[in-house]
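Let's take a walk through this fold, starting with its sheet and ending with a pair of helices.

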Amino acid sequence: MTPGQVEARLGAVRTAMAAEGLDALVLRPSPDFRFLGGGDGAAFLVVTRDTVAETAEPAGLVPEGARRVGVDAEMRVRELFGLAIEAELVPASTVLAPLRLCKEPYEIAAIERAALRAEEVLRQARELAWFGAAERAMAAALRLLALESGCEEVLSLRVAAGEHTARPGHQPGERVINPGDALLVSLCGRWDGYCAEVARVFAVAEPPEDFEAMYSVVLAAHAAGLAAARPPAPAADVERAVGQVIDGSGYGRFAAAHAGRGMGLGPDEGPRLGEDTPLAAGMTFCLEPAIYVPDLFGARVADVVACTQTGPLVLSLGPPALQVLER
């Protein structure tokens with residue numbers, strides 16, 4: 001971010017602070033912290049109506065007599081008490097979340113670079129030797145590839161094989177990957193300050209019975225959700241479009257609870273696809289339709305999408321037809 005971009009953001013933030021009756025913001029390192037140009041070495045960023053500073057002692061920078069102070073929503077109770085600020089503490093997201101909804105063109109370009117790096121890691125994954133390896137070992141190999149790609153922080157990394165693909169929260173374990181397994185691989189990370197997630201589905205040697213047909217439903221749901229992401233339609237239209245395809249296929253009771261979430265400086269932010277917030281140019285979200293059939297298999301694809309005046313733009317390469325791993 002250039003100094004001019006930081007100043008423009010601070011001006012918008014101060015206008016919103018005045019409207020909400022906030023005398024100061026106190027932010028710890030977090031997406032909100034980075035949104036206002038906070039550096040990596042500071043403990044807190046304090047914004048008042050006429051100053052901004054990074055400090056280890058935020059209480060000394062809060063104006064005397066302050067009545068309401070916005071604090072980072074990610075702070076723990078111990079951190080809040082440690083601030084020793086004698087004012088009403090309220091979530092800073094009241095001010096910052098609306099301002100973070102629509103990204104600037106340079107931010108969308110940064111998110112696109114992040115998405116393409118995640119995509120490249122999963123492309124390289126196809127060249128690894130999967131037969132006979134454990135999920136945990138393959139996850140470690142992917143983590144190394146991600147870090148070599150410049151990933152600043154791996155936020156989540158999933159490798160699930162066979163029946164484990166039907167578990168939305170599965171963590172890679174010692175399950176050995178065998179021919180005939182379905183395989184679900186996803187990577188969410190942060191590159192140059194911005195987050196992206198890509199999830200892809202594979203079959204090992206050959207797909208399980210009925211798996212390819214189920215995967216085709218997930219692809220169709222992804223396409224329907226993408227087609228619905230046209231400003232100024234409500235964000236909920238995206239989730240409804242995904243749900244209609246999966247419901248119509250007969251897999252409705254196995255569908256994931258949500259079809260996606262906003263993504264940018266953080267991995268989970270606005271817009272919320274289950275809400276009626278009107279989509280607008282500059283909004284970015286992770287579109288992630290999924291079907292999970294218990295004890296059998298599951299499939300989930302994920303791509304970061306940007307809303308533009310002319311329609312949706314997939315920032316990664318988009319989900320391909322089912323890929324079969326030969327080794």
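Start with the open sheet: 5 strands in the order β3-β2-β1-β4-β5, with mixed pairing. Strands here are DSSP runs of E with at least two residues, helices are runs of H or I with at least four, and both are numbered from the N terminus. Two strands pair if DSSP finds at least two bridges between them. This is a predicted model, where local features need pLDDT of at least 70, side-chain atom pairs count only at pLDDT 80 or more, and totals for chains, interfaces and linings use all residues. Residues are numbered from 1 along each chain as its sequence is written, and side-chain values use heavy atoms, leaving out hydrogens and water.

Look at the edges of the sheet: β3 (52-55) and β5 (88-91) each have a single partner strand, so one side of each has no neighbour in the sheet. From one strand to the next, the twist averages 25 degrees. Strand β4 (residues 68-71) runs parallel to β5, joined to it by 4 bridges, and V69 sits opposite L89 in β5.

Now for the helices. Helix α1 (residues 3-20) lies across β1 (24-27), β2 (44-48), β3 and β4, at about 65 degrees to β2. Such angles run from 0 to 180 degrees between N-to-C directions, with axes fitted to C-alpha atoms, for helices over the stretch in contact.

Further along, helix α7 (residues 211-228) packs with helix α8 (residues 236-249) at about 150 degrees, their axes 8 Å apart. That makes the two roughly antiparallel, a label for angles over 145 degrees. Which residues of α7 and α8 meet? Among them are V217 and A220 in α7, and V238 and A241 in α8, where contact means heavy atoms within 4.5 Å.

Definitions and conventions
Parallel < 35°, antiparallel > 145°, perpendicular 65-115°, else oblique.
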